[in-house]
Amino acid sequence: MPNIILASQSPRRRELLARMGIPHFDVIPAREEEQTDPTLPAGRLVKALAQQKAREVAARVPPDAIVIAADTVVAIDGEILGKPHSPAEAAEMLQKLSGRQHTVCTGVAVRQNDVELVEGESAQVRFRPLSPQEIAAYIATGEPMDKAGAYGVQGYGCLFVEGIVGDYYTVMGLPVCRLGRMLARFGVDPLALAAEQEARS
């Protein structure tokens, strides 16, 4: 089987890829700053960013390697929220999300031998109302600072989420159901890999 490469240093994406049944893969994050068009809607933006990451890493590895890249943003009222650059910016983002519904979009790109698939998934997330004290306490945990929208649904941020419509793993940053179907088109069957791994253990 060709080498599988995750073009992301996100521990959440590494965890999810392993959870899908892919026991062995390399992590080679994209190094270049992505060029974005601020006029793109969130769903198109994340696909464009994932595509850029996949192409940049694919150019540095053997062509038969399967490169997987992803990008996630939060959108509310037409505004795209990426990762906060400061605690103050994190607080501002969380105040915007407080008591409201927002959209989480994740784009995924899979590339091998100049064959490329780029797809996206979105989910609706509703926050309960947050007090200034709760926001300050959450920021003090440090969790918001490397998360789109300044929260992690799989971490302490779960305390704020009243409900999700759509794929939970899209909110985590890697829509595994969609990615599984994409990998199948490259001849990778995660369930078969998991079964093989179980047979060996």
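Let's start in the core. The largest nonpolar core holds 45 residues, and five of them touch the most other members: Val110, Phe127, Tyr151, Leu179 and Leu183. Keep in mind that this is a predicted model. There is also a second, separate core, with 11 residues. Among its members are Ala50, Val61, Val67 and Ala69. As background, nonpolar side chains tend to be buried together in soluble globular proteins.

Phe127, Tyr151, Phe160 and Tyr138 form one aromatic cluster.

On to the aromatic pairs. How many are there? The count is four. Look at Tyr138 and Phe160. Their ring centres are 5.1 Å apart and their planes sit at 85°, so this pair is edge-to-face. Where are the two residues in the chain? Tyr138 is in helix H4, residues 132-140. Phe160 is in the loop between H4 and strand E7, which covers 161-165. They are 22 residues apart, and the pair links distant parts of the chain. Both Tyr138 and Phe160 are buried.

Next pair: Tyr168 and Tyr169. Here the ring centres are 5.5 Å apart and the planes are at 80°, so this pair is edge-to-face too. Are these two residues buried or partly exposed? Tyr168 is partly exposed, at 33% relative accessible area. Tyr169 is partly exposed as well, at 25%.

Last topic: backbone angles. Two aspartates deserve a look.

First, Asp77. Its phi is near 55°, a positive value in a residue other than glycine. Find Asp77 in the loop between strand E3 (66-76) and strand E4 (79-81). Is Asp77 buried or exposed? Its relative accessibility is 62%, and the cut-off for exposed is over 50%, so Asp77 counts as exposed.

Then Asp114. It is not a glycine either, yet its phi is positive, about 65°. Asp114 lies in the loop between strand E5 (101-112) and strand E6 (115-127). With a relative accessible area of 65%, Asp114 is exposed.

To wrap up, go back to Phe127. Phe127 is one of the residues that touch the most other members of the largest nonpolar core, and Phe127 belongs to the aromatic cluster.

How values were computed:
Residues are numbered from 1 along each chain as its sequence is written. This is a predicted model: local features need pLDDT of at least 70, side-chain atom pairs count only at pLDDT 80 or more; totals for chains, interfaces and linings use all residues. Side-chain values use heavy atoms; hydrogens and water are left out. Rings of Phe, Tyr and Trp (its six-membered ring) pair if their centres lie within 6.5 Å; planes under 30 degrees apart count as stacked, over 60 as edge-to-face and the rest as tilted. Helices (H or I, at least four residues) and strands (E, at least two) are DSSP runs, numbered from the N terminus. Buried means under 20% relative accessible area, exposed over 50%, partly exposed in between (1.4 Å probe, protein chains only). A nonpolar core is a set of buried Ala, Val, Leu, Ile, Met, Phe, Trp, Tyr and Cys residues joined through side-chain atoms within 4.5 Å.
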